[in-house]
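Let's walk through this one together, starting with a pair of helices and then moving on to the sheet.

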Amino acid sequence: MKERAHDHTSRQNPRRAGRAEDAPCVEALDHTIQRLENGEITAIEAIDALLSEEYATRETRRIDVALRTSKLLPIKTLESFDFSFQPSLDRERIAALAQLDFVRRAEVVHFLGPPGTGKSHLATALGVAAVKAGRQVYRASLADLIDALAKAERQGQLAEKIRFYARASLLIVDEIGYLPISRGGANLFFQLVNARYEKGAMILTSNRGFAEWGEVFGDPVVATALLDRLLHHAVVVQIEGASYRLRAHADLIPEHVRANARITPPPPQKRRARPPKNEVANP
Ligand code: ADP
Ligand code: MG
């Protein structure tokens, strides 16, 4: 177990030696007893101070454990998000999402945008806010989620696994669109989405527009059924901007890569391999 900075207290006082996390409590106890003995506070005030300290320590411990089991580490917060870097984002809209009404209403939030624009950061930050508010959260990439469902299915435990993912008040499915999903995988994801539909909130992040979901999930029928549920009670936040990861090297990125990174609205028809000869590029 990692030692904390305060651990010296338990070493100094072997009678109180215990878990490293208890050290701040012990310190607070010493401090409060001292103030009581000095007549600075009454017994009632001492009890009040100790109960508050105990509550704060338990709450910190609960949040630490919940963040780990929710797979929300490394932690991201809205405070550490630089909104000035992403002017297409409406700060007020994100702040409103952080009030977590969408969790209570079992809605779906989509973060769409090119790589590095902060989709996972914002999804995690909302997840962290939900954990702090006492909600059960679980985060996974779509690929990992489907792997876990496929493994459960092979072991004859699919129903339990779906129940496990359906239990969280907020399920964050990250990285939709980076890796192609097999038809079987898409079916498994559909079963999970169906189990959560109108019962539990979700946040989905994707670098692909909805029109490309047929391609992403390898089956237009399943993609349509997924979108039917995932867009019913949904908030779509589209981020159009540069990659925060590449901000220091933006001048080194070729223009066509930067331009391609932008999510385009649903294409009206299938992309052709090569434009016909008489097609003139827009000036
Ligand atoms: P995406 O999921 O859109 O590919 P991430 O959310 O993973 O992008 O962001 C990539 C990295 O850049 C992460 O470390 C994230 O915390 C950071 N980041 C992205 N956008 C911002 C921002 N506007 N302010 C601060 N950090 C950011
Ligand atoms: Mg991401």
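To put numbers on that, α3 (residues 43-69) and α6 (residues 119-132) pack at an angle of about 140°, and their axes are 10 Å apart. Axes here are lines fitted to C-alpha atoms, for helices over the stretch in contact, with angles running from 0 to 180 degrees between N-to-C directions. Helices (H or I, at least four residues) and strands (E, at least two) are DSSP runs, numbered from the N terminus.

A word on ground rules: this is a predicted model, where local features need pLDDT of at least 70 and side-chain atom pairs count only at pLDDT 80 or more, while totals for chains, interfaces and linings use all residues. Residues are numbered from 1 along each chain as its sequence is written, chains are lettered from A and ligands numbered from 1 in the order in which they are written, and side-chain values use heavy atoms, leaving out hydrogens and water.

Which residues in α3 and α6 meet? On the α3 side they are E59, R62, I63, A66 and L67, and on the α6 side V128, V131 and K132, with contact meaning heavy atoms within 4.5 Å. That set divides into five nonpolar, no polar and three charged residues; Ala, Val, Leu, Ile, Met, Phe, Trp, Tyr, Cys and Pro count as nonpolar, Asp, Glu, Lys and Arg as charged, and the others, Gly among them, as polar.

Now for the sheet. Five strands make an open sheet in the order β2-β3-β4-β1-β5, with parallel pairing; two strands pair if DSSP finds at least two bridges between them. The edge strands, each pairing on one side only, are β2 (137-141) and β5. Direction ignored, neighbouring strands are turned by 15° against each other on average.

Five bridges join β2 to β3 (residues 170-176), and V137 stands opposite L170. L170 also stands opposite A201 in β4, as β3 and β4 are joined by five bridges too; L171 has M202 as its bridge partner in β4. Six of the seven residues of β3 are buried (under 20% relative accessible area with a 1.4 Å probe, protein chains only; exposed is over 50%, partly exposed in between).

Carry on to β1 (residues 108-112), where five of the five residues are buried, so this strand is largely enclosed by the rest of the structure. In a regular strand, side chains alternate between the two faces of the sheet. In β1 both faces are covered, with V108, H110 and L112 on one side and V109 and F111 on the other. β1 pairs with β4 (residues 201-206) over five bridges, L112 having S206 as its partner there. Five bridges also link β1 to β5 (residues 234-238), where V108 stands opposite A234.

Finally, find D82 in the loop between α3 and α4 (91-97). D82 is partly exposed, with a relative accessible area of 35%. D82 and Y244 are 162 residues apart in sequence, yet 9.5 Å apart in space, C-alpha to C-alpha.
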